[in-house]
Amino acid sequence: MTGFNDGGRWRNENCDQRKPFICYDDKVILVKENKTWKDALTYCRGHHHHDLVTITNMDDQKLVQEKVKEASTPFIWLGLRFHCFRNIWFWVCKEKISYQNSTSAGWMNDCNISGAMQAGGEHRWFQRNDTEELNFICSKGQCCLIVCQLYQYHYVKEEKNWTEAQQYCREKHTDLVTVTNMKDMKRLINISAGDQREAWIGLYDQTHGTRTWYWSQPGVEFDESETNWNTNEPNDYGGMQNCGILWNNLKWDDKSCNIPSKFLCYNESNSFQKFHLIQENKKWIEAQSYCREKHTDLISGTKQLQDEEVKNESSPGGRYTAVLMGLFRDTWRWSDGSSFSFRHGQCALTVFDDGGRWKNENCGERKPFICYDDKVILIKENKTWEDALYYCRDHHDDLVTITNMDDQRWIQEKVKEASTDYVWMGLRYACTLDFWFWVSNEVVRYKNWAKGEPMDDCDMSGAMETGGEHQWRKKKDTEKFNFICFK
Ligand SMILES: [Ca+2]
């Protein structure tokens, strides 16, 4: 067993002792039945697994090659397929082929062939005729094993000043990195290989002091028309007031971020008590860290502020007169023009050994930097749902699939630029089978339907609202909208 008090070093122990323990979920399963490639695909998709396995990097490869050693056939089917008509190889879960482990002999582009891994030897990939009957590997849960994201980060070791770094990223990738939440922050820390201590990110301050209000919780958008300022607020009284407080009459006020105060946290996963009054006095940035660590975030957005639970708590003579809320303003902008409110300390440079906390730095200094590649694109042409689908498949990859809240946030930032009121997604109603599905074959698990949707109706597809809360609506698929493709 392993104990944590000695740096995780393992030691021998009587197996009958009662101890806490750590389980793990296997994400891939070897099926020791001999099937043609197509039958193997159907099996994986139908047996509560997810799909034939996709390998996008060395970690995936290692995970899979450990499994295939147990196989009873010399090769094992992967979810790798040759698209005869488009003349390309692709992964069945729509991943582009980035990582490769094929034979040096090269691949013939031929119809009716699929990719298989050697059970022994170096576990390389070979093309096989898809009527061969082989063991196969299914993946469970997510399409991609280790990383499955709508955007990819690239750490560039070469040292450049901020402007040169921005230029480099825009040429070779999409832009300098945009960080939208804590999960992204962890990805950033993970890619900072070796002894590199800090790197430029895409946040910059060139607005000459023009401040913008944001809500702390990622995905909650500030709406000027819903504000509830006290009379003559916000007023920058006595200097800069960049943080928001809530009076117990539910009116808002701007306050200096450095004055410690009680605060309200919001917890989205606790259905009994969503709002938590913290009686300790903290500065705004410390209060934010506290809420993000123990709950979800500082209370954010008018929907949360108008919750009955908050109204009951807020009364004259109650437990507080004023609390910090998740409202702040700053002069920082993301290089790619997106309006994500996520901040992790101050500004444009991320320092890896301080939990990735950001600090402000002279933009002329030369540092390594982090670019990102966007894997989705908004097409500002008006097309019917079917024409949009074919456009994506011809020019890019597919109409977009949204499987979780993070995907939703990334996409809703894109649709703001659309010229139509709705934007098509790869969501379709199967009339004869009576269910909604993603064209990428993903099951519709995460949902963001507007109230009253979706009614089941024939010839309907799913579109996202361009404005408002960016919820999903079913629309007649002959309507013409902008749309979003996977790249
Ligand atoms: Ca004020």
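Which residues of helix 8 (residues 385–395) are buried? Keep that question in mind while the view is set up.

**Before selecting anything**

This is a predicted model, in which local features need a pLDDT of at least 70 and side-chain atom pairs count only at pLDDT 80 or more, while totals for chains, interfaces and linings use all residues. Residues are numbered from 1 along each chain as its sequence is written.

**The whole chain**

Show the protein chain as a cartoon, and its secondary structure comes to nine helices and 29 strands; here helices (H or I, at least four residues) and strands (E, at least two) are DSSP runs, numbered from the N terminus. Colour next by pLDDT, the predictor's confidence in each residue, from 0 to 100: the mean for the protein chain is 81, and 80% of its residues reach 70 or more. Select residues 1–9, where the pLDDT is below 50 and where the model has seven contacts beyond near neighbours in sequence; two residues are in contact if their C-beta atoms, placed from the backbone, lie within 7 Å. Residues 144–148 also have a pLDDT below 50, and this stretch has 15 contacts beyond near neighbours in sequence. Of the contacts in the protein chain with a separation of 6 or more, 72% are between residues 24 or more positions apart.

**Helix 8**

Now select helix 8, whose buried residues are W385, A388, L389 and C392. A residue is buried if 20 or more other C-beta atoms lie within 10 Å of its own, exposed if 12 or fewer, and partly exposed in between, with C-beta atoms placed from the backbone. Turn the view to look down the axis of helix 8: its buried residues fall within an arc of 100 degrees, so they line one face of the helix, the arc being that of the directions from the helix axis to the C-beta atoms. On the other side of helix 8, select Y390, D394 and H395, which are exposed.

**Strand 27 and its partners**

From there, move to strand 27 (residues 460–465), which is mostly covered, as five of its six residues are buried. Strand 25 (residues 422–430) runs antiparallel to strand 27 and is joined to strand 27 by five bridges; two strands pair if DSSP finds at least two bridges between them. Select M464 in strand 27, which is the bridge partner of V423, and then W472 in strand 28, which is the bridge partner of M464. Strand 27 and strand 28 (residues 472–476) are antiparallel and joined by five bridges. Their hairpin has six residues between the strands, and G468 there takes a positive phi near 60 degrees.

**Loops with particular backbone angles**

Select E233 and P234, which are joined by a cis peptide bond with omega about -5 degrees; P234 is in the loop between strand 12 (212–215) and strand 13 (243–247). D236 is found in the loop between strand 12 and strand 13, and its phi is near 50 degrees, a positive value in a residue other than glycine. D236 counts as exposed because it has 12 C-beta neighbours inside 10 Å.

**A last stop**

Finally, select R333 in strand 19 (residues 333–334) together with D205: they are 128 residues apart along the chain, and their C-alpha atoms are separated by 6.2 Å. R333 is partly exposed, because 17 other C-beta atoms lie within 10 Å.
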